[in-house]
Amino acid sequence: MVDFMKRALELASEALSAQEVPVGCVFTINSEIIAESRNSVNATHNPTRHAEINCIDTVIAHCKNNHIDYKMYFKNVTVYVTVEPCIMCAAALSNLCVKEVIYGCANDRFGGKTVLDISKFYEYNYNLTGNLMANEAMALLKQFYKGTNPNAPEPKTKKEKV
Amino acid sequence: MSEIKEPRLKRPKMSETVDNFIDNIINMKKNLHAVLGDEFHSSIPLLQVYTGHVRDLKQLSKIIVILNEKIQLKEMQHLKRARKKDVLLCPTDYVSHDVKSEDSVQKYLEEHIPELKDAFEFFKITEVPLLAPKLKRQHEEFSKIWSCNFHPNKYLEKLCGNEFFAEDELTSHRLYMGMTFEIARFYLSQMNSSLEMTDIILRDTNATVIVDPSTKSVVAVAFDNRQYHPVQHSAMLAIDNVAKTQNGGAWDTATDVKDVSLRGIEIELLVHLKEKFPNVKFGARTYLTKNALNESKMSVSGSPYLCTGYYVYLMREPCVMCSMGLVHARANRVFYCLKNNRKGALGSKTKLQCVSSLNHHFEVFTDFL
Ligand SMILES: [Zn+2]
Ligand SMILES: [Zn+2]
C-alpha cells in the first residue's frame with residue numbers, strides 16, 4: 001500500500017516540476033500497477049485533466065487494444081491518489097464501479113466527500129480511505145501554492161487549502 | 001426510466017417529429033427560469049425563541065439597548081428585536097433548564113440581566129424565521145411571523161421572475177438549445193435513418209454547445225461518446241474542444257483543422273450546422289499565450305481562458321462529473337432542456353451551483369419546454 005502511494009507521490013512531484021498542481025495517481029489490480037499519471041491541466045488547457053481522469057484514459061485504451069470489457073476490468077481496480085478525488089473524479093470513479101480508493105490528504109476545496117458527499121447520489125459506492133502519507137501529499141501542495149503565487153494573501157483559515 | 005416520472009406538461013410529445021420538436025424549442029416565446037437554491041422556495045425553516053411582553057412601552061428602547069448588549073443574536077441579524085410589545089429575548093436552547101417554561105426564562109433573566117427582571121409582564125415561546133428573506137415575496141411572508149430586516153435586491157427579484165431574459169436574449173438561448181438537438185440528430189440519424197424524437201430523448205446521451213456571448217459565436221460543440229468511453233460525456237468532450245481552440249486539448253477526437261479558432265467543432269458537423277443555422281457565427285476568439293499578451297501589453301482578459309464568460313447549452317441536465325467539470329472550466333451560465341432525474345446535478349439529484357464552499361458558481365437556466 002505504502003509503495004503505491006510512494007509512487008503516486010513521485011508522480012505528484014513530477015507534476016510540481018512541470019508547474020502543475022501536484023497530484024499523482026496509480027491504479028492497481030491485484031497489487032500490480034496498471035496505470036499511473038499526474039495532473040496535466042496546464043499543459044492541455046483542459047481543467048478536467050486530473051491524474052485520475054488520465055489514468056482512466058490509459059485503462060480504457062488498454063482495454064480497447066486488448067479486447068477487454070472495461071466494465072468488468074474496473075471492478076477490480078484500486079486507486080491510490082495523493083489528494084482526495086474532487087467531485088468530478090469521484091463521480092467518474094463511481095460510474096466505473098472501481099473497488100477502492102485510497103487517498104493521501106483531504107481536498108477542502110473540491111473533495112467528492114469533504115465538500116459534497118457524492119456517495120449519496122450513487123447506488124454504487126467504492127471503499128474510500130484517507131490519510132495515507134497525508135503530510136507528504138500536503139507538503140507538495142503547499143510548495144506549489146507558495147511557488148506560483150507569491151502575492152497571494154495568506155488563507156484566512158488555518159486549515160490548509162488544496 | 002426516469003422520464004416516466006416527469007410531470008406531463010413538461011414532457012415533449014413522443015409522437016412529435018424531430019423537426020417539430022426543434023422548431024418548437026427555437027420558436028417558443030416562453031421565458032426561461034433559473035434553477036435556484038432551496039432558500040428561495042422551500043417552506044421557511046423556523047427557530048424557537050422566548051419573547052417577553054413589556055410592561056411599559058416607554059421602556060422599550062432602553063430594554064432593547066440592554067438586551068442587544070447582554071444577549072447578542074449574532075446569527076439572527078435579520079430579525080428585529082421587537083414586534084409591538086413583544087421583545088425577542090433568546091433562542092429557547094440558550095436557557096438550560098429541563099423544562100422550557102416562563103419560570104425558567106424569568107430565572108435566566110434574574111441571573112444574567114437582573115436589571116430586566118421586572119420588565120416583562122409575561123413570556124411566550126414563539127417561532128421566528130431562521131433565515132433572512134431574499135425576495136419581497138418572502139419578506140411579506142416572513143413578516144407575518146416576525147418583523148425582519150430586508151434589503152431588496154433587484155437582480156434577484158428579476159432572476160426569480162418570469163421575464164428575466166429580454167426577447168433577443170431569449171431568441172438566441174433557444175436557438176443554441178435547438179442546436180444541441182440538431183447535433184444529436186446529426187449523429188444518431190447516421191445509425192437510424194428513420195429517427196424519431198423518442199430515439200433521442202429516451203437514450204442515455206447528451207449534446208453540448210458552448211458559446212462566447214461576447215462575440216455571439218459558437219466556440220465548441222460535442223456529442224456524447226459515453227457508449228465507447230465512460231468519461232466522454234458531451235460536456236467533457238466540449239470542454240476539451242474548447243481547450244483545442246486555446247492550443248490545448250487531450251483527446252484526439254478532432255481534427256487537423258488549421259484554423260485554431262475552429263478546432264472546437266468537427267468538420268462535417270460544422271458544415272451541417274452552418275447549413276442549418278446560416279445566421280450563426282462559429283469560432284473562438286484568438287487565443288494568445290501569456291508571452292503574446294505581455295508583448296502586446298494586453299490584460300489577461302484579452303485572450304479566452306478556459307470557459308470563462310462562456311455559456312454552455314446542454315440537451316439534458318448534466319451528471320455530477322460533467323457539472324463539476326463545468327465548474328472547473330469556470331463556465332458563466334449553463335442551460336439545459338431535459339431533466340435528468342436519475343443523475344442530474346444541477347437541479348435533480350443536487351444543485352452543484354449552490355454549493356457555497358466551491359470557488360466558482362455559474363447560473364443555471366431551464367424550462368425550454
Ligand atoms: Zn479531480
Ligand atoms: Zn456527464
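Let's start with one residue, A:M133. It is buried, with a relative accessible area of 18%. The cut-off for buried is under 20%, so A:M133 falls on the buried side at 18%. Where does A:M133 sit in chain A? It lies in the loop between β5, residues 127-129, and α6, residues 134-148. Its backbone deserves a look too. A:M133 is not a glycine, yet its phi is positive, about 55°.

Before I go on: this is a predicted model. Keep that in mind throughout.

Chain B has a residue with a positive phi as well. That is B:K84, again not a glycine, with phi near 50°. B:K84 is also in a loop, this one between β3, residues 82-83, and β4 of chain B. Is B:K84 buried or exposed? It counts as exposed, because its relative accessibility is 78%.

Now chain A as a whole. How many helices and strands does it have? Six helices and five strands. Reading from the N terminus, the order is α-β-β-α-α-α-β-α-β-β-α. The radius of gyration is 15 Å, close to the 15 Å that the globule rule gives for 162 residues, so chain A is as compact as a globular protein of that length. Along the principal axes, its C-alpha trace spans about 50 × 35 × 30 Å. Of the 162 residues, 53% are buried. Take the contacts with a sequence separation of 6 or more: 59% of them link residues 24 or more positions apart. The accessible surface is about 7900 Å², and carbon and sulfur atoms account for 48% of that.

There is a record to mention here. An unreviewed UniProt entry annotates residues 1-114 of chain A as "domain: CMP/dCMP-type deaminase". In the model, that stretch is 43% helix and 22% strand. Its end C-alpha atoms are 23 Å apart.

On to chain B. It holds eleven helices and eleven strands. What does its radius of gyration say about its shape? The value is 28 Å, well over the 21 Å from the globule rule for 369 residues, so chain B is more spread out than a compact globule. The C-alpha atoms fill a box of roughly 85 × 60 × 40 Å along the principal axes. Even so, 51% of its 369 residues count as buried. Among contacts between residues at least 6 apart in sequence, 64% join residues at least 24 apart. Chain B exposes about 18500 Å², with 50% supplied by carbon and sulfur atoms.

Let me zoom in on a helix, α3 of chain B, residues 102-112. Which of its residues are buried? They are B:S104, B:V105, B:Q106, B:Y108 and B:L109. An α-helix has 3.6 residues a turn, so residues three or four places apart point the same way. Now look at B:S104 and B:Y108, or B:V105 and B:L109, in that buried set. What covers the buried residues of α3 in chain B? The cover includes three strands of that chain: β2 (46-54), β4 (86-91) and β5 (120-129).

Next, a strand residue, B:D212. It is found in β6 of chain B, residues 207-212. B:D212 counts as buried, because its relative accessibility is 2%. Setting aside neighbours within four places in sequence, it is in contact with B:S217, B:V219, B:R285 and B:Y310.

Now the metal. Which atoms coordinate the zinc ion, ligand 2? B:H233 through ND1, B:C319 through SG and B:C322 through SG, at 2.1 to 2.3 Å. The sequence spacing of these donors is H-x85-C-x2-C. Both cysteines, B:C319 and B:C322, are buried.

Take A:C105. Its nearest cysteine sulfur belongs to A:C86, 13 Å away. A:C105 counts as buried, because its relative accessibility is 4%.

How values were computed: Residues are numbered from 1 along each chain as its sequence is written. Chains are lettered from A and ligands numbered from 1 in the order in which they are written. This is a predicted model: local features need pLDDT of at least 70, side-chain atom pairs count only at pLDDT 80 or more; totals for chains, interfaces and linings use all residues. Side-chain values use heavy atoms; hydrogens and water are left out. Donors are N, O and S atoms within 2.8 Å of the metal (3.2 Å for Na, K and Ca); water is not among the atoms, so sites may look incomplete. Buried means under 20% relative accessible area, exposed over 50%, partly exposed in between (1.4 Å probe, protein chains only). UniProt positions are given in the numbering used here, feature names are shortened, and annotations may be inferred rather than shown by experiment. Helices (H or I, at least four residues) and strands (E, at least two) are DSSP runs, numbered from the N terminus. A disulfide is a pair of cysteine sulfur atoms within 2.5 Å. The radius of gyration is taken over C-alpha atoms; the globule rule is 2.2 Å times the number of residues to the power 0.38. Contact means heavy atoms within 4.5 Å. Accessible areas come from the Shrake-Rupley method with a 1.4 Å probe; for residues, only the protein chains shown count as cover.
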